[in-house]
Amino acid sequence: MLSTLALAALIQAPAVAQELSPGTRYDPDIPTLEEVAGHGFTEAVTPPDDVIRYMEALADAAPERTHLIRYAESWEGRPLVVLVIGSPERMARLDEVKAGIERLADPRGLSAAEAEALLAELPVVTALMHGIHGDEISSSGAAMAEAYHLLAAMGDPDVDLILSESLVLIDPMENPDGRNRFVYQNSVAGARWPDEARVSAEHDPPWPGGRGNHYLFDLNRDLFIQSQVETRGKVDIFLEFRPHIVADLHEMGGDATYFFPPTAPPSNPWFGERQVALMDLFGEAIAARFDARGFAYFNRDVYDLFYPGYVDMWPMGHGALGMTYEQAGAGGLRLRQSNDDLLTYGDGVLHHFTAAIETALTAARNRDKILRDYLAFLREGTALGERGPAEIVLHSAHDPGMAERLALMLVENGMEVFRASGPVTVGDRTLPAGSSFIVPLDQPAHRFIRNLLDAHVPMEEDFVRRQIERRANRQPDEIYDLTAWSQPLLWDVEAIETSPTGARGAAVTAEEAAARPEVSGGGAGGGGRGGAGDASAAPLPEALVGYLIPWGTNGAATVAEALREGVRVRAAGAEFTLDGRRYGVGTAIVRVAENDGDVRSRLAGIAARHRAEVVPIDDAYVREGMSLGSRRVRALREPRVLLVYDAPGRGYSVGWARYVLERRYGQRTTAVRASSLGRARLADYDVVVFPSGNYGGVVGDGMLDRLQAWMRDGGTLVTMAESSRWASRAGLLATEPERRGGRAEGDDPPEPGTPEQPIEYLDAISPEDESPEGVPGAILRTLLDTEHWLTAGTDGEIGVLVEGSRVFRPITLDEGTNVGRYADLDSLVLSGIVWEESRPQLANKAFLIHQPVGRGQVVAFAEDPNYRAYSEATQLLFMNAVLLGPGR
């Protein structure tokens with residue numbers, strides 16, 4: 001009998017040279033990958049261009065059973081496609097089938113008889129998604145094998161059942177730019193023979209690696225915000241085909257095996273019980289297939305079901321079952337694992353292929369149950385809205401554009417939103433017309449709406465209790481991602497639950513959402529005078545003096561483009577009241593006398609693209625507040641921005657900052673590698689942005705001196721998160737990071753107590769010197785100094801996403817201003833989990849610091865203001881530093 005150790009080793013041993021589907025006969029008229037790309041499915045990592053060529057070749061070879069959709073183009077111009085596969089009969093009437101799927105997806109008014117007819121006729125739609133992280137390479141190989149198998153297998157009853165009962169959507173490559181980066185770096189570093197050592201160059205790609213897209217985003221966290229072009233196209237496909245089963249195929253660490261659901265706790269309470277229960281059905285089926293083939297796997301560990309922004313979790317909000325599959329990644333063609341087993345790229349392709357085909361088969365076998373559970377989820381959503389609050393009103397008095405942008409985002413996620421038809425009465429408040437949007441809760445997407453708009457989504461109490469125990473014993477918590485993501489809190493928009501307001505006006509359309517400038521491209525590029533030719537721009541009235549643009553998210557984007565297009569703009573340094581209306585700090589002033597004769601039409605076009613309000617003024621005589629000719633009115637110019645790029649900057653932070661600058665606000669930016677910073681002529685730039693990272697190893701004393709001199713001459717230095725910690729250590733920022741217990745970083749830890757005193761066990765085993773207790777992604781109430789120009793466009797209080805263990809002492813009055821600080825202890829936490837030990841140390845600590853340096857300044861954020869591109873309120877603070885800082 002084999003020993004336990006020997007048996008375990010046997011189970012873990014990789015399957016060598018196994019067929020994808022043993023015994024299957026294939027149609028020779030369907031091309032193999034070798035015929036198109038010159039290698040087999042398991043033999044080489046296929047470059048992005050060849051992945052697309054192969055999917056096109058399959059579609060050409062079987063046109064009666066396929067429909068190839070080019071649903072997006074990456075930032076670098078590469079196509080993203082999905083191959084729809086079904087029976088010839090179903091594909092011949094695909095539009096009719098999609099119409100039926102859409103009708104089932106909104107069952108309001110659907111009779112029992114109509115529902116039964118749809119349930120009897122419609123296919124189950126299974127979406128198999130691959131390669132969202134570009135360096136997770138095996139799933140795209142599996143995707144091509146899956147498509148080949150479904151089209152070429154002859155006399156296979158499983159394939160016949162899949163085609164007769166379902167539509168299968170195969171997305172072979174969700175992140176072509178990242179994959180291209182990986183393939184290039186891997187091939188450049190490749191040895192004559194594939195190297196098995198994980199320290200070898202081919203397993204150790206340079207910064208930033210291939211995980212992210214062009215803007216280095218983790219596309220698997222972008223689903224509901226849809227900041228990236230790759231994600232927008234994917235969600236469009238999801239809303240077009242409404243898949244009922246979605247499997248997203250990934251890779252994990254090279255020493256693991258294979259993961260498929262059921263998942264680890266916690267589960268999101270807004271996901272349906274039927275969906276979660278279905279995971280066992282699929283888990284058991286895949287387990288049986290893996291057991292038969294000798295593949296090792298694990299379930300109910302590591303990967304949870306809580307954060308709604310993943311590719312597989314987004315569909316859960318619309319009633320589908322989403323699942324993550326994780327294969328141990330070889331990071332190349334071969335990897336020697338820590339236990340001395342050999343893992344190959346081909347193993348990953350084989351395992352993913354097996355799981356994906358079994359997923360499609362299980363969905364086909366259970367078509368009726370899956371569709372009925374789906375329909376029940378959607379009907380329950382509508383019923384939930386009929387029993388509780390009827391509507392959520394989105395409102396922002398100080399920045400109506402932010403409320404509108406949030407409304408547009410919800411529409412992009414398949415939710416119904418209406419403009420308020422006039423003033424809205426909520427309790428004893430009357431909200432003015434033009435600043436409110438109505439989200440009805442009696443709609444199928446009710447649960448998804450609550451997931452995004454509720455202030456807090458709770459985790460299971462038993463799970464949280466276990467994390468507290470683990471933290472006390474200095475074990476890492478088991479929280480996989482954030483514990484808070486409330487969009488109203490992060491966008492600084494009120495979300496008011498109410499009974500029917502009777503104020504629903506026109507529905508916000510998908511076309512309006514798609515016309516956002518960072519989506520459509522308007523305002524994001526560099527050239528041209530696009531404002532004058534914008535056909536959608538309503539004409540501005542003639543103004544004798546000029547135009548005022550209230551500062552806010554849309555106003556800042558308008559000013560950024562106007563400066564880029566040569567319009568002369570000034571900004572108010574204090575509040576003022578004109579013609580009975582109060583205008584806040586930062587209000588942009590465009591004087592007719594200071595601009596060309598076409599400024600009215602140009603400004604109209606720019607403002608229309610960004611949906612910004614422009615107020616014509618014929619009188620500049622201010623009767624309250626700052627005069628428009630005051631010295632506190634500053635002339636703005638297009639800032640010359642240098643973004644420090646490359647290591648040691650953290651890839652995500654670098655990418656988020658670059659995206660927010662270039663795409664979200666249309667700010668031209670020069671990215672300079674950190675290693676080349678010494679060669680840059682700082683005088684050529686007004687703003688230098690250091691994304692999160694520790695730059696101590698690349699910025700020496702000489703460069704620090706240059707930065708200080710540049711700031712004294714008027715430069716604006718922006719730091720965030722870990723770069724703020726670095727700036728403090730380097731002497732650029734006059735504050736101190738703290739260690740646990742409030743001690744300043746660098747101070748000696750306290751002396752231990754006398755031996756005569758009784759001890760508390762946990763105190764006795766705690767290290768003397770520790771970082772502050774980490775925050776696992778929560779939203780903290782942050783108070784802002786509304787008289788400071790950095791807070792332009794805000795109302796004095798925002799939610800800040802805090803993740804990690806950074807705590808900064810407030811700066812002293814002689815050194816600068818604490819423009820933003822966390823709230824008092826009793827009102828600190830807005831959403832998510834913040835451990836009890838963390839709260840006292842975080843209360844009243846600095847979030848945003850402004851430190852003058854000569855004619856320039858340091859602007860330091862304790863956290864990353866551009867986090868995942870959905871911390872809209874803090875993004876505005878970041879852009880205030882960039883647009884309003886130079887020249888102050």
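I looked up Pro-266 and found it in the loop between strand 8 (258-259) and helix 11 (273-293). I took helices and strands as DSSP runs (H or I, at least four residues, for helices; E, at least two, for strands), numbered from the N terminus. The model I am reading is predicted, so I kept its rules in view: local features need pLDDT of at least 70, side-chain atom pairs count only at pLDDT 80 or more, and totals for chains, interfaces and linings use all residues. Residues are numbered from 1 along each chain as its sequence is written, and side-chain values use heavy atoms, with hydrogens and water left out.

Back to the peptide bond: Pro-265 and Pro-266 are joined in cis, with omega about 5 degrees.

I then turned to Pro-208, which sits in the loop between helix 9 (176-189) and helix 10 (229-241). Trp-207 is linked to Pro-208 by a cis peptide bond, and omega there is about 0 degrees.

Next, the backbone at Val-302. Its phi is near 70 degrees, a positive value in a residue other than glycine. I placed Val-302 in the loop between helix 11 and strand 9 (321-328). How exposed is Val-302? I noted a relative accessible area of 40%, which makes Val-302 partly exposed; that class lies between buried (under 20%) and exposed (over 50%), using a 1.4 Å probe and protein chains only.

Last entry: Asn-844. I read a phi near 65 degrees, positive although the residue is not glycine. Asn-844 belongs to the loop between helix 26 (839-842) and strand 35 (846-853). Its relative accessibility is 32%, so I logged Asn-844 as partly exposed.
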